[in-house]
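Hello,

Here is the structure I promised to pass on. My notes follow below it.

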Amino acid sequence: MARTGKEYLQALKENPPNLWYKGQKVEDPTAHPVFRGIVHALAQMYDMQHDPRYRDTLTYEQNGQRYAMSLLPAKSKEDLARRSAAYKLWADAHLGMMGRSPDYLNAVLMAFQESAEFFGPYADNVRRYVQHVREKDLATTHCLTNPQVNRAKSNLEQPDPYIPLGVVSENEKGIVVRGARMLSTLPTADELLVFPSTLLKEGPGADKYAIAFAIPTNTPGLHFISRESMAVGDSSFDYPLSSRLEEMDCLTVFDDVFVPWERVFIYKDLQRCNTAYAETGALMHMAHQVVVLKNAKTEAFLGLVSLIGETIGADTFPHVQEKIAEVIVYLEAMKGFWARAERDAKPNKYGLFCPDRGAIDGARNLYPRLYPRINEIVQQIGASGMITLPSEADFDSPVGPHLEKFLQSATLPARERVQLFRLAWDMTMSGFGARQTLYERFFFGDPVRMYQTLYSVYDKEPYKQRIRAYLGWQNQAQPEVVASD
C-alpha cells in the first residue's frame, strides 16, 4: 500500500543499503550528514500520498487499498493522463531537480508487468516482483552502464572479463554475478534493478552479460561506492537545492552476489536484453515520466529568471525580455511534446497504452541541447548578482546592516533577494548545478547515438514520398542511379 514518509525512514534504518562514503560504511543514511537531506525530502514526498489535497492524484484505489499512481496500469489515454498528473505533482515539489524519484522506475516496472509475456520463462517472476513493489510501495534505483575502462573494446576484451557485470555460476537456487556497473543514483532506495541498457554484441561468451534481475540494496556482496557530495552545507538558505536534493551517484560493485531465480527476469538472452525497453513499452513510459519532469524543471527556470529580472529592475530591458521569452518558447515546446505523447498514444501488442514515440523521441533528443542554454540565460540575467552572495550567517552578524542596505533590490529586501540568487546559483553554478547540467546532457545516453537511433527508427518515407509526388515521380519508375567510374 502507499507508504508514509515515516515507514520509508524506518525501513531505511532497519535495512540500510551497503553504502560507502569516503571509505566509511554508512550505517544510518537517515542521520548521515550527506544523505539525510535527500532521505527526508523523499519521506516528505511519500507523505504527500496521504495528504487529502494530493491523495487522489498520487494514488489510486483497488480492492479498498491505495497504491502509488505511478504503478497504475496504463489501459487508456485517461490512465496516461492520471499518471502524468502524479508525475507533475511530485516533480513540482522538488522543482524538477530530482532525476531519480521512485516514480521513474515505477513507470518501467508497470510496463514490464503489463508486457510480461515478453520475458518468456521469467514472465511470472516479473509479475510477482512488480506486485511486491506495489504492495510495499518500495523505492528502487538501478545501474545501467559498465565502467569506462576501455570503450573501444568489447566486454570480453576488457582487462578482466568481470569488470562488466556478468554471470559467474548458477545452481538450482539461483545465479552468482560479479563485476560493476554505473550509475546508481539514489542509493538510499530499498531495491536495486539491474536491467539491460547498452546494446550487447553477440559473440562466444557474450551471453553471460545478458541478464536482468532485482535485489535488495542490502544484499551481501553488493556495494554502493558513492561519489563526493556536492552539498557543502545543510542550510536551506545557503544551499536551497543541494542541502535537500543531493541524490548521490554510486559505482555499484557486485562481489559474487547471489540472485535467487525468482528475482531473475532475463537470463543469458541477448535478443531479449537488446529489445526489452522498446518491445515492452518501458522506453516510452520511462520517457513519459521524464518529459513531465522536464516540463516542471523548465517551469521552475521560467519562474526563476522572471523573478530575477523583476527583482533587479531588468525586466524592462529588451535583451532581458528576449532571453526570458526564449525560455517561454522552450517551455511551450516541451508542453507540446507532452500533450502529443498522450494524445497520440496507442496500445502495444500486449494491450499496454504507450505514449507516442515520435513525441517522446523529440523531447528526449531536444532537451539535452536546451538545458545548457537555459543555464546560460540564468547567468546572463543574474550577472554579478550570481556571485555576490553572503551567507545566512552573515545576515545574522554585525555586518548584517550593511547587507540589508547594499543588497536590497527594486522589489525585495536584501535577505530575500540573496535567497533568490542563491537558488539561481544552486540551480546552475554550484557543484549541484553543474552535475545537473552533465546529467541532462547524458540522461538517456550519448546524444550522438540517440540521434543515430532516431534516424534509424523514424519513418521518413511519407515525407520523401511527398517530394517525389511534387516532382512528378509518383507515376513513373524512379531513375536508375549509375555509379561513376
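Where is the place of Ile 467? Ile 467 lies in helix 17, residues 461-470. Keep in mind that this is a predicted model.

Ile 467 counts as exposed, because its relative accessibility is 51% and the cut-off for exposed is over 50%. With Tyr 470, Leu 471 and Trp 473, Ile 467 makes a nonpolar surface patch of about 490 Å².

Next, the rings. The whole structure holds 20 aromatic pairs. One of them is Tyr 104 with Phe 443: the ring centres are 5.9 Å apart and the planes stand at 80°, so the pair is edge-to-face. This pair links distant parts of the chain, 339 residues apart. Tyr 104 sits in helix 5 (residues 102-114), while Phe 443 is in the loop between helix 15 (431-441) and helix 16 (447-457). Tyr 104 and Phe 443 are both buried.

Phe 443 also pairs with Phe 444. That pair is tilted, with 5.2 Å centre to centre and 55° between the planes. Phe 444 is buried too. Arg 100 lies over the face of Phe 443, 4.7 Å from the ring centre.

Elsewhere, the charged end of Arg 435 sits over the ring of Tyr 439, at 4.3 Å from its centre. Ring pairs also link a cluster: Phe 112, Phe 118, Phe 119, Tyr 129, Phe 195, Phe 265 and Tyr 277.

Six strands form an open, mixed sheet in the order 2-1-10-11-7-6. Strand 2 (24-25) and strand 6 (166-170) each have a single partner strand, so one side of each lacks a neighbour in the sheet. Strand 1 (residues 19-21) runs antiparallel to strand 2, joined by two bridges. Tyr 21 has Gln 24 in strand 2 as its bridge partner.

Best wishes

How values were computed: Residues numbered from 1 in each chain as written. Predicted model: local features only at pLDDT ≥ 70, side-chain atom pairs only at ≥ 80, totals over all residues. Heavy atoms only, no water. Pairing = 2+ DSSP bridges. Helix = DSSP H or I, 4+ residues; strand = E, 2+ residues; numbered from the N terminus. Patch = residues over 30% accessible without salt bridge, like charges linked within 9 Å, V, L, I, M, F, W, Y side chains within 5 Å. Areas by Shrake-Rupley, 256 points an atom, 1.4 Å probe, with all protein chains shown as cover. Salt bridge = Lys/Arg side-chain N within 4 Å of Asp/Glu carboxyl O. Buried < 20%, exposed > 50% of the residue type's maximum accessible area, 1.4 Å probe, protein only. Phe/Tyr/Trp six-rings, centres within 6.5 Å; stacked < 30°, edge-to-face > 60°. Lys NZ or Arg CZ within 6 Å of the ring centre and 35° of its normal.
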